[in-house]
Structures are given as structure tokens and as C-alpha cells.
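Hello,

Here is the structure we talked about handing over. My notes follow below it.

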Amino acid sequence: MSQPEVIELHHRVSADNVTAIDILTAVTMLSAGKVKQAMQKGCVWLTVGKKTNRLRRANRTLTKGQTLHLYYNPDILSQQVTPAVLIEDGGDYSVWYKPYGMLSQGSKWSDHTTITRFAEQHLEPQRPCFLVHRLDRATSGLMVIAHSKGTVRKLTAAFENRQTGKRYMAIVCGDARALQDYKIDNELDGKNAISRVTCLEFNQELGRSKVEVAIETGRKHQIRRHLSELGFPIVGDRLYSKPEDGWQLEEDLQLCSVYLSFPSPIDETLLQFVLPIEYQI
């Protein structure tokens, strides 16, 4: 019998003192090595009572009545991303450069390509990592991660109350030189959305402009949608543009978070971070 490519399993533990790896190797055709690797990549979950959390310890002893979940997809588990880069370690928080392709948040199928999991595995000393805000998979740039529940509450409140500063750089199709602190105040999904666009330079040969965008709100795909609506779609934007607008299929989305500020979760002083030029688009 051939091994299935995708496995979704929900196994109710029927006896005490059994390990997760023993169960998963017995009820699937996966080797112990593959099970351990899958657990480390975040596709195994355990329900205890009303709580379900990822399970990474292969030798965790389980008890009767618990439920073990496996979401195994070899295509997802084989995915790799460019490593993130630590910009500053503030103890209770850290600031990172998230590269193109890295996720902000995982799914039931894995979390090994997320910024939080990368930080968990590479910060010294190791600390828990909590997501505060998000960047799209295709967007690169600065992100802050919290390392305590108190810090994540403070930083999340800062983002929700617009106490943060966020500026992005984008390469767009067309001549945008007329845009200088140009305010876009178009609602998105029925909600107020404000972006300010300034052209930094125009490449006449390519017919493209480099623009800086400061956002006062954080709606889904706000910059991508606003620039597309304005007639300057971002190069590589497969959702709100097409190659006929002036880019090639092999090009990645040219959008990067280059500036981030927020009040310190320790003493509320304003912290400001500028992405090093070598990571900018």
C-alpha cells in the first residue's frame, strides 16, 4: 500500500502512558524520523480538555481521552524560506527583517515558515514569541515580535490606537513624479483608509517609479489597493495588477516596510527603526 501524500488524522487516545510518536507511527505509514520532523514543523496538535495546542515533543506521554491531530502535507512541510534577520533584541520585544515569502502566521498544516517560529528557534536566550502585527507573505520589511503576554497587550494596543508609525517603499508602474505627499483617502471594505504617497525617483527607461507610502490606517492590502486604484500598480502584484501593466511574471512583489515606530513597552518612549538599505527594495 502506497503512502498517502496528504494525511489528516484525528485520533482519540484510548489508553494511558502512550507517546505521540508511538501512536502516529502506528496509525500512519510515516517513519519515526518523519513524524519527529513533522512535529517540529508544527503540523501535530493535541486536544486536552477544551484546549488544542501544537505538540512538538515526540515522546510526550498522553492519557486516555485526549485527542491527537495530524495535518501532514509533504508539499507544505518541504517549503523553505529565506531566513529572517534580527534588527534589534529589546528583551521583551525584538524587531526583525521579514523577507519575501516568510509568513506572519502559520496554519494547522505548519508554522515552520513563519517569522514567530523562526524567532523562537534563533533568539538567544530562547523566549516565547507572540505576533503583534502582520505583513503579507509577499511583503518584506520590519516587524516587531513580543516575548511576553504583557508586552503583546501593550504593543497590540499601540497598533490598534494608531500610536505607531509605518512607512513603506514600493516600485510602481508608471511615472509617479506628480505625487508629493499625495493623500489617498479612499474607503476599503467600508472602512476609512488613509495613505500618503511621495515619489522618490522615476526610472524613465523602465517606466517605473520608486515611491514612499506612509499609512495612517492598516486595512487589508491597503497600499496595494490604493496604488492600483490610483493607476500606479505595484510591480509583481498578482492580486491587483497584471504583467501587462509593466512587469514580468518572475518578479516578486516590490513592497517593503522600511520604517517602524512604536512606544516602548517598558517606558513608553518612542522607538524608531529604519530598515538597513541592504534589505530595501
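In strand β6, the bridge partner of V44 is L70. That is one contact in a predicted model, so please read everything below with that in mind.

V44 sits in a pairing of two strands: β3 (residues 44-48) and β6 (residues 67-72) run antiparallel over 4 bridges. They belong to an open sheet of 4 strands, ordered β1-β6-β3-β4, with antiparallel pairing. On average, neighbouring strands here are turned by 15° against each other, direction ignored.

The largest nonpolar core has 29 residues. Which of them touch the most other members? They are W96, V172, V211, I223, L227 and I234. Several elements supply at least two residues each: α4 (115-122), β10, β11 (165-173), β13 (195-203), β14 (208-215) and α6 (222-230). There is also a second, separate core of 21 residues. I7, C43, L46 and L70 are among its members.

Leaving out residues up to four places away in sequence, I234 touches A170, I171, V172, I223, R224, L227, S241, W247, L253, Q254 and L255.

**Helix α6**

The buried residues of α6 are Q222, I223, R224, R225, H226 and L227. They pack against β11, β12 (182-184), β13, β14 and β15. After the helix comes G231, with a positive phi near 95°.

K220 lies in the loop between β14 and α6. Is K220 buried or exposed? K220 counts as exposed, because its relative accessibility is 61% and the cut-off for exposed is over 50%. K220 and D136 are 84 residues apart in sequence, yet their C-alpha atoms are 9.1 Å apart in space.

**Salt bridges**

The structure holds 14 salt bridges.

- D136 pairs with R224, and the closest N and O atoms are 3.2 Å apart. D136 is in the loop between β9 and β10 and R224 is in helix α6, so this pair ties together parts that are 88 residues apart in sequence. D136 is partly exposed, at 26% relative accessible area. R224 is buried, at 7%.
- D181 pairs with R196, with the closest N and O atoms 3.8 Å apart. This pair links distant parts of the chain: D181 is in the loop between β11 and β12, R196 is in strand β13, and they are 15 residues apart. D181 is partly exposed, with a relative accessible area of 47%. R196 also counts as partly exposed, at 26% relative accessibility.
- E251 pairs with R208, with the closest N and O atoms 2.9 Å apart. E251 is in the loop between α6 and β15 and R208 is in strand β14, 43 residues apart, so the pair links distant parts of the chain. R208 is buried, with a relative accessible area of 15%.

Salt bridges that share partners also join R54, R56 and D111 into one network.

**Two buried residues**

H133 is in the loop between β9 (130-131) and β10 (140-146). H133 is buried, because its relative accessible area is 10% and buried means under 20%. A polar atom of the H133 side chain lies 3.0 Å from the backbone nitrogen of V144. Not counting residues up to four places away in sequence, H133 touches L142, M143, V144, F159 and L260.

T151 is in helix α5 (residues 149-160). T151 is buried too, with a relative accessible area of 5%.

**The β15-β16 hairpin**

β15 (residues 255-263) and β16 pair in the antiparallel sense over 5 bridges. F262 stands opposite L271 in β16. The two strands form a hairpin with 6 residues between them. E268 in the turn has a positive phi of about 70°.

In a regular strand, side chains alternate between the two faces of the sheet. What are the covered and uncovered faces of β16 (residues 270-274)? L271 and F273 make up the covered face. L270, Q272 and V274 make up the uncovered one.

Best wishes

Note on methods. Residues numbered from 1 in each chain as written. Predicted model: local features only at pLDDT ≥ 70, side-chain atom pairs only at ≥ 80, totals over all residues. Heavy atoms only, no water. Pairing = 2+ DSSP bridges. Axes fitted to C-alpha atoms, helices over the stretch in contact; angles between N-to-C directions. Buried < 20%, exposed > 50% of the residue type's maximum accessible area, 1.4 Å probe, protein only. Polar contact = N/O pair within 3.5 Å; in protein donor to acceptor, adjacent residues only side chain to side chain. Contact = heavy atoms within 4.5 Å. Core = buried A, V, L, I, M, F, W, Y, C linked by side-chain atoms within 4.5 Å. Salt bridge = Lys/Arg side-chain N within 4 Å of Asp/Glu carboxyl O.
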